[in-house]
Amino acid sequence: MIGPFSEDLPLRIAEGLLVNFEIAISALVIGLASGGLLALLGRLQNPVVSGVIGSSISVLRATPVFIAMFFLAGVLRSHYSALEAWFADPRIMFVTLACLPYITSYAYDQVSEALVQWHRGAHRAAMLLIPNMARSFQILVSASCFGAAIGVNEAMSVVLSEAELLGQSVWRFVLYALTVLLFFGLMQTVVASSRLLHRLVTARFSDAPRAY
């Protein structure tokens, strides 16, 4: 025991955080790639393509992560055993896929705006894509905590199981407070890193508005 907490709690939380970040990073990479591709296709000036993309993005924007996660878990439940051949824990895949509607539509919006700014010669404005995507990563990490509802062994599920052992003691609230501080510190680190990267990248570009 570490005080009132289980001895292996820090290790279990660290392992859970790795799952949270695995989900968030996977969703971010796939969503940025798919959203970026849709943004590029949207610049083809083809009314049919633009109409299909616009309708698709509208549907994606309206799809809540929580609902998508339970829908996928329900639909794919019968294929769970088969999925275990490809994924160590298919439930992690469910949460990752559930995050894709949000991150794909968000990436589409951000990449589209970045392309417009770059075309105008406003290179520094285009590079705002970096901190904007970092903010989406924060949301993805938070959304990955929904996985606790379907049994994913991520950080929040570890905290909740430990809280049950603490009962109604004051240490339960201490645990919650420490968890909030932990996530706050991690997210601020992500934000600070993205701002540093943004400054380093923008230092290499100068705005050169195009003459019309």
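This is a predicted model: local features need pLDDT of at least 70, side-chain atom pairs count only at pLDDT 80 or more; totals for chains, interfaces and linings use all residues.
Okay, let's start with a definition: patches are made of residues with over 30% relative accessible area and no salt bridge, where like charges are joined within 9 Å and nonpolar side chains (Val, Leu, Ile, Met, Phe, Trp, Tyr) within 5 Å. Accessible areas here come from the Shrake-Rupley method with a 1.4 Å probe, and for residues only the protein chains shown count as cover.

Residues are numbered from 1 along each chain as its sequence is written, and side-chain values use heavy atoms, with hydrogens and water left out.

Phe66, Ile67, Phe70 and Phe146 make a nonpolar surface patch of about 360 Å². Phe66 sits in helix α3, residues 65–75; helices are DSSP runs (H or I, at least four residues), numbered from the N terminus. Phe66 has 35% relative accessibility, so it counts as partly exposed. On that scale, buried is under 20% relative accessible area, exposed is over 50%, and partly exposed is in between (1.4 Å probe, protein chains only).

Now the inside. A nonpolar core is a set of buried Ala, Val, Leu, Ile, Met, Phe, Trp, Tyr and Cys residues joined through side-chain atoms within 4.5 Å. The largest one has 43 residues, and Ile103, Leu140, Ile150 and Leu175 touch the most other members. Helices α1, α3, α5, α7, α8 and α9 each supply at least two residues of that core, and α5 gives the most, with ten. Apart from it there's another core of five residues, among them Ala39, Ile53, Tyr108 and Val111.

Let me zoom in on two residues. Contact means heavy atoms within 4.5 Å. Not counting residues up to four places away in sequence, Leu175 touches Phe5, Leu9, Val159, Glu162, Ala163 and Leu166. Then there's Ser136 in helix α7, which is buried at 0% relative accessibility. With the neighbours up to four places away again left out, Ser136 touches Leu28, Tyr102, Ile103 and Tyr106.

On to helix α9, residues 170–202.

Last, the charges. There are five salt bridges, each a side-chain nitrogen of Lys or Arg within 4 Å of a carboxyl oxygen of Asp or Glu. Arg61 and Asp109 pair at 2.6 Å, N to O. Arg61 is in α2 (47–61) and Asp109 is in α5 (90–120), so this pair ties together parts that are 48 residues apart in sequence. Both ends are partly exposed, Arg61 at 46% and Asp109 at 30%.

Asp89 and Arg91 meet at 3.0 Å; Asp89 is buried at 17%, whereas Arg91 is partly exposed at 26%. Asp8 and Arg12 have their closest N and O atoms 3.3 Å apart, and Asp8, Arg12 and Glu162 are linked in a network of salt bridges.
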